[in-house]
Amino acid sequence: MNDTERIRTTAQLMRDVKEDWGGITKTQLKAAVEAMDDYLIANAAAINLVIPLAARTALTASQKAQIMGYVAMRRAGKLRAEEDG
Amino acid sequence: MANVNIQLTPEGAQYLGSAFPQFVKTNGTNNPVAGLAYDASTDEAAFWRFIAKNYASGNVSVEIQWYADTASSGNVVWEAQLAAITPDADSQDVETDGLATLNYVQDTHLGTTGQRLHKCTITISNLDSLADGDNVVLRIARDANGTNATDDMTGDAILVSVHVSYLSL
């Protein structure tokens, strides 16, 4: 993401997640977003390799990113499935 | 000389078509809490109109009481500015009236409890030629992008009350 996208991600994160941010500042929160994004960029190839071959070759980069996003959202308690009732 | 005191509430605020704080009401454990939730990233503003009865002279004091929605540290920058029209004297179009230059204050979250109540005071020295009996618009904004000073508090700053005071005739 470019800097504008990272700024907007940080902004929307603060709007959506109504939880105590542990006393950090906006700048520190944005730095966390940047670090996470940097990590994804640096490890994109490795992340791609953990996907089983069939899916790795069949799926687009966007679909793989969405899988990662859904997994992360579920792990963060932010993704509710219809099966959850 | 005494002061004139005017209380303004979140419920009494007016807004432009965009960039305004959301009116929120939280059903607290024992009582409801109403407020205006100012965004952490986008500058947002709310407006109040009042009559400056018995205004004598001097600066206008604006006390803002607020609390943090999700933060427990950091700084918030509040801005206040006035527009004043003297009825029957000023020929100014009320719908196109401009605001005087803003004044601001930076307030720091005091920690310990995230949603504790804070207060800060903005001394408005740019008075737009304020006179007794003027029709006044007060604009209060959060300087979320830190134009005037560092606003680094995460999450919304929720304004719960505004107290305007000035020297009385």
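Here is a short walk through this structure, starting with how to read it.

This is a predicted model, in which local features need pLDDT of at least 70, side-chain atom pairs count only at pLDDT 80 or more, and totals for chains, interfaces and linings use all residues. Residues are numbered from 1 along each chain as its sequence is written, while chains are lettered from A and ligands numbered from 1 in the order in which they are written.

Let's begin with chain A. Its secondary structure comes to five helices and zero strands, where helices (H or I, at least four residues) and strands (E, at least two) are DSSP runs numbered from the N terminus. The radius of gyration of chain A, taken over C-alpha atoms, is 15 Å.

Now look at where chain A meets chain B. The contact takes 13 residues from chain A and 14 residues from chain B; two residues are in contact if their C-beta atoms, placed from the backbone, lie within 7 Å. On the side of chain A, helix H1 (3-16) and helix H2 (26-42) are the elements that give two or more residues.

Finally, the model scores ipTM 0.79 and pTM 0.90.

Technical notes: Rg over C-alpha atoms; globule rule 2.2 N^0.38 Å.
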